[in-house]
Amino acid sequence: MAVSGAYALCYLLLREVSVSHWNLPAGLRIACLLLFPYRYWPALIVGEFIPVGYHAWHNQDEFGWRWAALAAIPPILLLAPVIAWCRPHARLLRSAHQINAATLLTMTLIGALLTTCGNVAALAAVQLPAGEAAPDINAHVLLGYFLGNYLGALAIAPTATALYLWVVENRNESIGAALWQSQLARDCLVGVILPLLVLMCLAFSSQGDGTQVFRIAMFLPVVWLTSRHGWQGAALGGTLASTAVTLTSAMVRDPAVIQAQALIAFAITTLLMLGTRIGHQAHFDRADRMDTLRGLQLAQQGLYLEELRLRQAADALEHIGHNIRESQNRLLDSLRHVLPASEERTYSRQAALAQHEMHRLANALYPRGWRERGVPATLREGPFAQAVHMAGASYRCDLSGRGLSQLAPDVHMALYRLACEVLVYVLSRAPAQHIHLQVRGGYTDGRRWVVMRITSERPASADEQAVPSPESWKQAMTLLGASGLGIATIRDRAQIYGGNVHLRDRPQGLSVTLLLHDSLRAVPLNRGASV
């Protein structure tokens, strides 16, 4: 009863605002049959029979009982078997955002044809008083009925489908909040409604061909909205444009309005098909972007796990070195009374060197300062600064910006590793007199980032810069645990964190600028976008 009453009320409201060439109830029945479950169809038929039957009974005396009998048949009863057969074979909803435009337009066309047949049959059964000519049924009448039903269906059915999908998508949120945040709603208001109001004012203030030009121009905002939002934009924009064209009508069955409506109907039909294609392409593009992000997430996670393994290896090396040192000390204590003093000092020195080498190797794998004080302190005073001094260059480190400490741990790891690789690359290109490291953090569009620049200054003497030192960059690479990556590999590593590398070779020296974004681990990894 609730469904029947609601449908009957909507039918009456839409019929009140309909005109001869704009039959909105045709769109209501198409939308309900396509979106409602089969168990509600009897209620829909009863709901349409209430206003249709009342209208036929109320005008029986004027047009005769045969007309009343045919007019009392609800058009939804003719259309329901066809849609019931087509729905399983041609599914309307392909996904949460995509529809089968061919199915929707085919159902709309079939609905317009069947409703036109019912209207023509009722018109042929009209009984007029003696002396009055029977209504003439010609091609103009048939076209008028068909165009009115088709335009009305296009004005309601696609928009109802778009609103249904939007409500389903935002069923867990407040409708008002979701509408306020909707980019489609804002674009409809600014890019469609306002231009249509301007065109309506121009159409009212013009006469003749000027009015018709402004009516035809009303589909241009629909094209813009379709290009931005696909078939949803075509549906909503088409409803608004069709309404605006109808409101400019000053008389019943205005031929100029009917021509403009026919053009709008053709435009909406075309744009719905084009919008569906745009929507499919946008969906695939989003899927490709999400798959790319997922690949970057997995790469970041792999690098993070690799760094954790290096840290475990560094801890294990330090623990082994400490154990070896203690074992050697105990052994020397037990053999001190039988060993000469010179041999004891030699063994002690060798044990200290072995422990130092173990410590250096562990520090190259994962610097102790990094573990204890973080990346900023490591860049200022750790192995990075030692490697620069070993190359015979002075060093300065500047940290600025905000949020460096709030970056994910794997970004800190990637920043330090890339700084080491860039330093080795710079030292391998030419001898350096001074190395300047600048690190700046920031926060833009809800995501943190960090920029690092390493600038080398060449020696002023021409003799010193003629040949790069073959050992300085190798010693730095050993101390830092770097791999000697080229600039292409460094750029690939930076792209894993959504960044890039810029290389600038100047006469004064080489400058390498590197950008990294924060980790993507906040985005779920449990499913891909293409599933």
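**View 1. A charge meets a ring at Arg-87 and Tyr-38.** In this predicted model, look for the ring of Tyr-38: the charged end of Arg-87 sits over it, 4.6 Å from the ring centre.

**View 2. Phe-36 and Tyr-40 make an edge-to-face pair.** Seven aromatic pairs are counted in the model, and here is one of them.

**View 3. Phe-146 and Tyr-150 make a stacked pair.** Here the planes are 10° apart, and the centres of the two rings lie 5.8 Å from each other. An angle under 30 degrees is what makes a pair count as stacked. Where do the partners sit? Helix H8, which covers residues 139–169, holds both Phe-146 and Tyr-150. Four residues separate them, about one turn of the helix. Tyr-150 has a relative accessible area of 12%, so this residue counts as buried.

**View 4. Stepping back to the protein chain.** How many helices and strands can you find in the chain? There are 21 helices and five strands. The chain has 531 residues, and 43% of them count as buried. Its accessible surface comes to about 27800 Å², with 61% belonging to carbon and sulfur atoms. Among contacts with a separation of 6 or more, 75% join residues 24 or more positions apart.

Conventions:
Residues numbered from 1 in each chain as written. Predicted model: local features only at pLDDT ≥ 70, side-chain atom pairs only at ≥ 80, totals over all residues. Heavy atoms only, no water. Helix = DSSP H or I, 4+ residues; strand = E, 2+ residues; numbered from the N terminus. Buried < 20%, exposed > 50% of the residue type's maximum accessible area, 1.4 Å probe, protein only. Contact = heavy atoms within 4.5 Å. Areas by Shrake-Rupley, 256 points an atom, 1.4 Å probe, with all protein chains shown as cover. Phe/Tyr/Trp six-rings, centres within 6.5 Å; stacked < 30°, edge-to-face > 60°. Lys NZ or Arg CZ within 6 Å of the ring centre and 35° of its normal.
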